[in-house]
Amino acid sequence: VRQRQGDDSDAAALRWLGVASPALRAAAVEVTCGVLERDREGRLLLLAALCGEHVLLLGPPGTAKSLLARRLSAALGGRRFEALLSKFTPPEELF
């Protein structure tokens, strides 16, 4: 019985996930440690980073949005920049 070509890549992906899983869980814990009721947001940030996608966190001040982003950057060894935006912020200030 011959396997489909995709089965090899699926098996490789599952092997990689098995190896990477402890590191991913540790990174998720590092991002959300000590932050109340933000486990879901922390995991979504990590998932978006792994997929190379963007996340927009909306919420009132003091709800750990920036803290989660800073911790994710530190956990993954990434670079980041911060800018406080308002409806009057011209694009020239960012670029």
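Author: Start with the salt bridge. The term stands for a side-chain nitrogen of Lys or Arg within 4 Å of a carboxyl oxygen of Asp or Glu. The model is predicted, and side-chain atom pairs count only at pLDDT 80 or more. By this rule there are three salt bridges.

Reader: Why is Glu82 called partly exposed?

Author: Its relative accessible area is 47%. Buried means under 20% and exposed means over 50%, so a value in between is partly exposed. Arg80 also has 47%, and therefore counts as partly exposed. Arg70 has 35%, so the label for Arg70 is again partly exposed.

Reader: How do you know that Arg38 and Glu41 form a salt bridge?

Author: The N to O distance between their side chains is 3.5 Å. The limit is 4 Å, so the pair counts.

Reader: Are Arg38 and Glu41 buried, exposed or partly exposed, and why?

Author: Arg38 has a relative accessible area of 22%. Buried would need under 20%, so Arg38 is partly exposed. Glu41 has 24%, and is therefore partly exposed too.

Reader: Why is Phe95 called exposed?

Author: Phe95 has a relative accessible area of 83%. Exposed means over 50%, so the label holds. Phe95 is found in the segment after helix 3 (65–76).

Reader: What makes Phe81, Leu85, Leu94 and Phe95 a nonpolar patch?

Author: A patch takes residues with over 30% relative accessible area and no salt bridge, and joins nonpolar side chains within 5 Å. Phe95, at 83%, passes the area test, because the threshold is 30%. With Phe81, Leu85 and Leu94, Phe95 makes a nonpolar surface patch of about 520 Å².

Reader: Now the largest pocket. How much space is in it, and which residues lie nearest its centre?

Author: It holds about 1,200 Å³. The lining has 29 residues, with Val55, Ala69, Arg80, Phe81 and Glu82 nearest the centre.

Reader: Which helices supply the lining, and what is its make-up?

Author: Helix 2 (39–51) and helix 3 each supply at least two residues. Helix 3 gives the most, with seven. The lining divides into 17 nonpolar, six polar and six charged residues.

Reader: What makes up the lining of the second largest pocket?

Author: That pocket has a volume of about 160 Å³. Its lining includes Leu17, Ser21, Leu24, Arg25 and Ala28, along with Arg43, Leu46, Leu47 and Leu50. Helix 1 (5–32) and helix 2 each supply at least two residues. Helix 1 has the largest share, five residues.

Reader: How does the lining of the second largest pocket divide into nonpolar, polar and charged?

Author: Six residues are nonpolar, one is polar and two are charged. Arg counts as charged, so Arg25 and Arg43 fall in the charged class.

Terms used: Residues numbered from 1 in each chain as written. Predicted model: local features only at pLDDT ≥ 70, side-chain atom pairs only at ≥ 80, totals over all residues. Heavy atoms only, no water. Patch = residues over 30% accessible without salt bridge, like charges linked within 9 Å, V, L, I, M, F, W, Y side chains within 5 Å. Areas by Shrake-Rupley, 256 points an atom, 1.4 Å probe, with all protein chains shown as cover. Helix = DSSP H or I, 4+ residues; strand = E, 2+ residues; numbered from the N terminus. Buried < 20%, exposed > 50% of the residue type's maximum accessible area, 1.4 Å probe, protein only. 1 Å grid on protein atoms, 1.4 Å probe; cavity = no way out; pocket = protein on both sides within 12 Å on 5 of 7 lines; lining within 4 Å. Points joined across faces, edges and corners; volume = space filled by probe spheres on them.
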